[in-house]
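Here's a quick briefing to read with the model open beside you. Have a look at the structure first, then work through the points.

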Amino acid sequence: MGTKKGNGLNYKQTFLIGFGFMACMLMWSVYNSYVPVIFRAKLTELTDGGSKLPAFLSVALLVNAIMTIDNIFGVIFQPYFGKKSDKTHTKWGKRMPYIIICLPICAVFFSLIPVAATVKAAALSVGLMMAVIILFNFTMSVWRSPVVSLMPDFTPSPLQSDANAVINIMGGIGQMLGFVIGSIATALVGLLGFTALHDALRAKTNTLGQVLATDANGDVVIRFFSDKNSIDTDTLNNFIASGRDTLYVNGQKVAEKVAALNRHGEPTYVNYTPVFVVAAVITVLCLLVLCLFYKKNKQNDLSKNVSIEDEEGKNKKVKIKELPISKAERKSLITMLAALFLINNATEAIVPNFTNFALDTLNVKPIYSTLMMAVFAVSLAAFGIPAGAMGRKLGRKKTIIIGLAVIVAMFAFYIAVSQLFATNRMFVWIVLWIALVVGGAAVGCININTLPLVLAIGGREYVGTFTGYYYTATFSAAITGPILCGALIGLFGDDYNFMFLFCAIFFAIGLAVITQVKHGESNPDDEEWIQAAVEAADD
């Protein structure tokens, strides 16, 4: 079973299984790109630009805190439903009942997120959005673990390495599709004749996602509170070209960009419902492909004869102080976990803040700034194999240090350029694009080599234990990173440029810490089991 020619991998079967993971990554890509922008607009309206919040809170901090819900739910619910699916027995197998029932429900809640944002009353709108987002994240937690377990269920152990590569490609396709879905949705609503939605998606917007009024030339209309001639020409031109909403000179508001008003005299917001609906429809189509595949191939499910209890017994949790390793190895493990926590605080802060950064600083709407995120993701994925080769040839620690040094340098370079050459937008753009491409490759060097280094410290007998340590550090950072970054951004008046400063600082501290790791380099004999353990952890 599961072979195409002899004992080789059945690529067609693996490709079809991958549609489930593709659906998952598509929704996360859209969610992480658009939800921060939508929530920022509504919370800003609700709190009068943050003025109604206590001094220690800001809109940026609240948005980033909301964006950690998926990670919190992932830690709590995903392991539970993953284990529960191991022991489920139905005519549709172990995993499919969770996927068939919860994926469509999840897609419905996903589609309702931007719908809730269209509610007129800001407080009610925010409350509805929170309710829908919590339900979306919970239902996603129910079916996510089962869907990633399908590949091992249908693939013999010796072939799972090749199968995992195919699954990751499908996930990458889903992520890339999520990054371009805004452009696809814009084209579709235009072709179908939904003029108002089409215009709203394409309209010029301010940092709140409000639709801005434009003149006959398509330029944003500016309202002046002082004599236009008293404003320096360069200052005014920079303001018009920027994504800022209001121009202040010497602390005084002198001009603002005008938002289009609805029939109630209220500013109108961009309606991102088409983007979410198109993404939800694609995920349901992915489910249909998966169901057709399972119906035809359910007799090939290898998990029927696997004793889950035996597998769990092999990976009992052990406290770090109880591990039978030397004092020096224990110190390296703790140091490495601390470095992982710091590094992932930085990487996890980028995703929920990038679209707001692009809107503020570059005046680029989310349907286009997601294409910039796609460039970063492609660079990261493309450098995966070279990064692995570097780790084996130069050493994993050295490769991670190189990656950290490069990304710190690129982020610092961009920060300097954005401040010193703020008036030269073309130069700033070029540097940002370079930072995204080079930064993606640098993060690849880091991500590919961290888990193998941790596993090599523990050895073959403690794979499960050390994998658990690894994910404890990274999941913790996925919760704290966005919150800390949001706090810094809020401290500086919701200036999203400080996202890069936050990331550079945490990457730099992580770099300093990881230089103190003295163990974790494996010998050639260890490579096979380490690679197998990494692939099992990814599943």
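This is a predicted model: local features need pLDDT of at least 70, side-chain atom pairs count only at pLDDT 80 or more; totals for chains, interfaces and linings use all residues.

Numbering runs from 1 along each chain as its sequence is written, and side-chain values use heavy atoms, with hydrogens and water left out.

**The sheet**

- Three strands make an open sheet, ordered β1-β3-β2, with antiparallel pairing; strands here are DSSP runs of E with at least two residues, helices are runs of H or I with at least four, and both are numbered from the N terminus.
- β1 (222–224) and β2 (246–249) sit at the edges with a single partner strand each, so one side of each has no neighbour in the sheet.
- On average, neighbouring strands of this sheet are turned by 25° against each other, direction ignored.
- β2 is joined to β3 (residues 252–257) by four bridges, while β1 and β3 pair over three bridges; pairing takes at least two DSSP bridges between two strands.
- Thr246 stands opposite Glu256 in β3, and Val249 has Gln252 of β3 as its bridge partner.

- α2 (residues 59–66) packs against α17 (residues 463–491) at about 170°, with axes 7 Å apart; axes are lines fitted to C-alpha atoms over the stretch in contact, and angles run from 0 to 180 degrees between N-to-C directions.
- That makes α2 roughly antiparallel to α17, a label used for angles over 145 degrees.
- Ala60, Leu61, Asn64 and Ala65 of α2 meet α17 residues including Pro482, Ile483 and Gly486, with contact meaning heavy atoms within 4.5 Å.

**The second largest pocket**

- About 990 Å³ of space lies in the second largest pocket, the volume being the space filled by probe spheres set on the grid points.
- A pocket is an open set of points on a 1 Å grid where a 1.4 Å probe fits, with protein on both sides within 12 Å along at least five of seven lines, and lining residues have an atom within 4 Å of a point.
- This pocket has 32 lining residues, with Arg244, Asp360, Thr361, Asp495 and Asn497 nearest its centre.

Methods
Angles under 35 degrees count as roughly parallel, over 145 as roughly antiparallel, 65 to 115 as roughly perpendicular and the rest as oblique.
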